[in-house]
Amino acid sequence: MELPRRISIFGATGSIGQNTIDLLARDPDDFEVVALTGASNVAQLAQDASRVGAQLAVTADETLLAELRDALSGTGITVAAGEGALLEAADRPADWIMSAIVGAAGLAPGFRALRHGTTLALANKESLVTAGPLLLQEARDRAAQILPVDSEHSAVFQALVGEDIAAVERIVITASGGGLRDWPLEALASATPEDAGAHPNWDMGQRITIDSASMFNKAMELIETKEFFGVAPSQIEAIVHPQSIVHALVGFRDGALMAHLGAPDMRHAIGYALHYPDRRHLPVSRIDLAQLATLEFIAPCETRYPALTLARQVMETGGYTGTCFNAAKEIALDGFLARRIGFMQMCGVVEATRDAISSKISLSNAPGSLEDILAADQMARDTTWAQIEQHFT
Ligand code: NDP
């Protein structure tokens with residue numbers, strides 16, 4: 001592998017972005033940072049852009065351009081703002097791009113990077129859920145590689161090295177159960193964003209932490225698994241594993257079950273994608289098996305986690321259902337964060353949105369372009385807000 005490699009990080013100011021910068025900063029001679037992007041946290045963006053010597057810093061929020069320019073004046077770093085600037089950042093030649101913007105906003109920059117044949121380290125799970133077949137086709141057409149960064153998918157990817165996907169019988173991804181795992185079922189309706197926003201094992205952004213408690217996060221990962229590895233929905237399972245040490249298991253037709261174990265630290269999956277196909281030393285803690293002693297696995301109760309049932313319907317139907325599922329789930333989470341709906345109402349909102357949209361478009365039709373997907377995404381968002389207003393508040 002030739003060094004230094006040219007790297008850009010989309011969503012640099014977030015949890016995944018910061019962990020990526022942590023790894024880059026440990027080997028400064030190996031990497032040349034092309035672009036860093038953020039949105040609201042301009043101070044962090046400016047600080048990191050200076051620290052790693054980025055060529056370009058972009059905020060998605062145009063109203064913050066002047067603030068970013070002031071913060072980086074005299075550094076020689078180019079600054080820009082807005083959605084168009086994000087796409088231009090993705091046009092800048094790079095060898096490896098981290099896609100770690102949260103939400104559907106991460107979709108277009110990822111597509112743009114693939115168009116140039118750039119390797120895409122994919123943390124933004126919304127990309128595969130909303131546009132999986134198109135994204136993978138774009139990568140094939142441009143001979144670009146997508147490397148999974150979600151810890152479960154990185155674990156499966158690693159377990160599959162040297163294996164034939166046709167020999168895979170099943171893929172099992174684990175779930176911590178989130179911050180409300182031990183709450184009685186009847187108490188969940190009164191859970192607040194603060195209750196759901198505390199994770200027992202992983203240190204992540206607020207939205208994904210709440211999605212862990214509701215298992216919308218695991219629902220997304222089931223769909224991602226189907227899209228990325230191309231296996232049938234019936235071959236994919238989720239299991240609650242409170243210790244978050246086993247990230248995923250791959251079962252083969254000879255009965256072997258290969259597990260990937262690691263400390264709950266995203267720098268492992270990020271580092272694997274960063275150095276792929278090499279394995280380099282990573283600053284993650286090593287597992288002491290004797291200290292661990294017990295690893296528990298519990299079948300998830302779908303009454304408690306109805307998002308898993310919705311994910312199965314998405315995987316079976318395909319087409320626009322992933323786009324609508326993701327958009328509705330993002331708006332339902334906004335509604336929960338704004339205290340307009342309760343924790344257990346989020347699934348009902350997503351379901352009601354799906355039913356309302358199915359009278360407007362044929363959900364099983366395959367989207368033909370990114371524009372089709374973005375239009376369906378917008379329609380689903382508007383429909384979700386209307387459902388919340390009319391039926392849930
Ligand atoms: P964070 O919320 O911590 O960070 C999100 C990043 O996206 C920030 O840089 C934020 O900028 C930026 N951003 C927010 N809105 C926009 C927008 N409209 N346009 C452009 N940029 C925007 O998220 P995480 O790092 O936790 O997660 C990032 C992605 O990775 C998500 O898709 C998540 O599901 C996935 N993921 C995360 C994991 C984790 O451990 N955190 C694990 C596996 C996957 P700013 O902060 O400046 O506003």
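Predicted model: local features only at pLDDT ≥ 70, side-chain atom pairs only at ≥ 80, totals over all residues.
Residues are numbered from 1 along each chain as its sequence is written, and side-chain values use heavy atoms, with hydrogens and water left out.

When I say strand, I mean a DSSP run of E with at least two residues, while a helix is a run of H or I with at least four, both numbered from the N terminus. Two strands pair if DSSP finds at least two bridges between them.

Zooming out, β2 and β3 belong to an open sheet of 7 strands, ordered β4-β3-β2-β1-β5-β6-β7 with parallel pairing. Which strands stand at the edges? Those are β4 (78-81) and β7 (146-148); each has a single partner strand, so one side of each has no neighbour in the sheet. On average, neighbouring strands here are turned by 20 degrees against each other, direction ignored; the axes behind that are lines fitted to C-alpha atoms, and angles run from 0 to 180 degrees between N-to-C directions.

Back to β3. V58 in that strand has T37 opposite. T59 also lies in β3, and T59 is buried at 0% relative accessibility. Buried means under 20% relative accessible area, exposed means over 50%, and partly exposed is in between, with a 1.4 Å probe and protein chains only.

The T59 side chain has two polar contacts to talk about. A polar contact is a pair of N or O atoms within 3.5 Å; within protein, one must be able to donate a hydrogen and the other to accept it, and residues adjacent in sequence count only if both atoms are side-chain atoms. A polar side-chain atom of T59 sits 2.7 Å from the backbone oxygen of A39, and the T59 side chain also reaches the backbone nitrogen of D61 at 3.0 Å.

A39 takes us to the ligand. A backbone N or O atom of A39 is 2.9 Å from a ligand oxygen, and S15 has a backbone N or O atom at 2.9 Å from a ligand oxygen as well. From a side chain, an N or O atom of E126 lies 2.8 Å from an oxygen of the ligand. How much of the ligand does the protein bury? Taken alone, the ligand exposes 900 Å², and 84% of that gets buried (Shrake-Rupley, 1.4 Å probe).

The shell itself has 25 residues, with T13, S40, N41, E126 and D150 the closest; a residue gets in if one of its heavy atoms lies within 4 Å. By class that's 13 nonpolar, 9 polar and 3 charged. Helices α1 (15-26) and α6 (125-141) each supply at least two of the shell residues.

M215 isn't a glycine, yet has a positive phi of about 70 degrees. M215 is in the loop between α9 (206-214) and α10 (216-229) and is buried, at 2% relative accessible area. R339 also has a positive phi, near 60 degrees, in the loop between α14 (321-337) and α15 (345-358). Buried or exposed? R339 is exposed, at 51%. And the Y276 to P277 peptide bond is cis, omega near 10 degrees, with P277 in the loop between α11 (267-275) and α12 (289-292).

Technical notes. Nonpolar A, V, L, I, M, F, W, Y, C, P; charged D, E, K, R; others polar.
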